[in-house]
Amino acid sequence: MRRLLVCAWLWLAVAAAAAAPPPPTAVVTRIVDGDTVHVETDGRDVTVRLIGVDTPELHSRDDPRAAPQPFARQASDFTRLRLADRTVRLEFESDERLDRYGRTLAYVFLPDGTFFNRELVRGGYARAYVRFPFRFREQFVADETAARQAGRGLWAEANARVVNGLVIGNRRSRLYHLPGQKHYDDVSVRNRVYFANEDAARAAGYTPARQ
């Protein structure tokens, strides 16, 4: 009887998977920056934020007058070259598909099967964004490590930059700040933790502040 129930459960699972709709397709209509695009799907305009990646900021939400971060234009241009006007396939991490800005969180796949989120990290156009869990997290971290070691993309500039002074981490936000950044001196003494460099901060689980 137990075996029969197991077989019945497996049959139902297979049937449900076969009946499930395929992941949606969409046309990329506009590039916001390296990790955010607009797509048209089902006649709607949708803003898509790529899961698990963080490219340098082209536009600051806090200060529209702020200059683009280093390598932001290159990352944006790469996304435009690969995605603009292309039909792509979207996949989602879970039912929680929106971020706090109302953007749809998604993985983007090109018609040839290229996993674009991962391509950004592998090419050094983006960091692995590990503040929240996602199913490709370990792979993206490994890809970032390989890009850093090879000095690809933004890591070529990062490796050439000498950080004068200590990196300050914020225990509360789990962000780290570099000397010269806007909020470097704003972290309260109570929440401060110091690192010798960015590698040490990231190894401790901290992510870079946007400004």
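Predicted model: local features only at pLDDT ≥ 70, side-chain atom pairs only at ≥ 80, totals over all residues.
Local features were taken at pLDDT of at least 70 and side-chain atom pairs at pLDDT 80 or more, while totals for chains, interfaces and linings use all residues. Residues are numbered from 1 along each chain as its sequence is written, and side-chain values use heavy atoms, with hydrogens and water left out.

Helices (H or I, at least four residues) and strands (E, at least two) are DSSP runs, numbered from the N terminus. Two strands pair if DSSP finds at least two bridges between them. Thr47 in E3 lies opposite His38.

An open sheet holds 4 strands in the order E10-E8-E9-E11, again with mixed pairing. Strand E10 (192-195) and E11 are the edges; each has a single partner strand, so one side of each lacks a neighbour in the sheet. Strands E8 (residues 167-170) and E9 (residues 175-177) pair antiparallel over 3 bridges. Ile168 has His177 in E9 as its bridge partner.

Nonpolar cores were defined as sets of buried Ala, Val, Leu, Ile, Met, Phe, Trp, Tyr and Cys residues joined through side-chain atoms within 4.5 Å. Buried means under 20% relative accessible area (1.4 Å probe, protein chains only). The largest core has 29 residues. Val39, Val48, Leu83, Leu90 and Val108 have the most contacts inside it. Elements giving two or more residues to this core include strands E1 (25-33), E2 (36-41) and E3 (44-50), and helices H2 (72-83) and H3 (116-122). E6 gives the largest share, 4 residues. A second, separate core has 7 residues, among them Tyr176, Leu178, Val193 and Phe195.

A cavity is a set of points, on a 1 Å grid over the protein atoms alone, where a 1.4 Å probe fits but cannot get out; lining residues have an atom within 4 Å of a point. The structure holds 1 cavity of 30 Å³ or more. The largest cavity has a volume of about 40 Å³, taken as the space filled by probe spheres set on points joined across faces, edges and corners. Its lining consists of Asp54, Arg127, Ala128, Tyr129, Val130, Arg202, Thr207 and Pro208. Strands E7 (127-128) and E11 (207-208) each supply at least two lining residues.

Definitions and conventions
Buried < 20%, exposed > 50% of the residue type's maximum accessible area, 1.4 Å probe, protein only. 1 Å grid on protein atoms, 1.4 Å probe; cavity = no way out; pocket = protein on both sides within 12 Å on 5 of 7 lines; lining within 4 Å.
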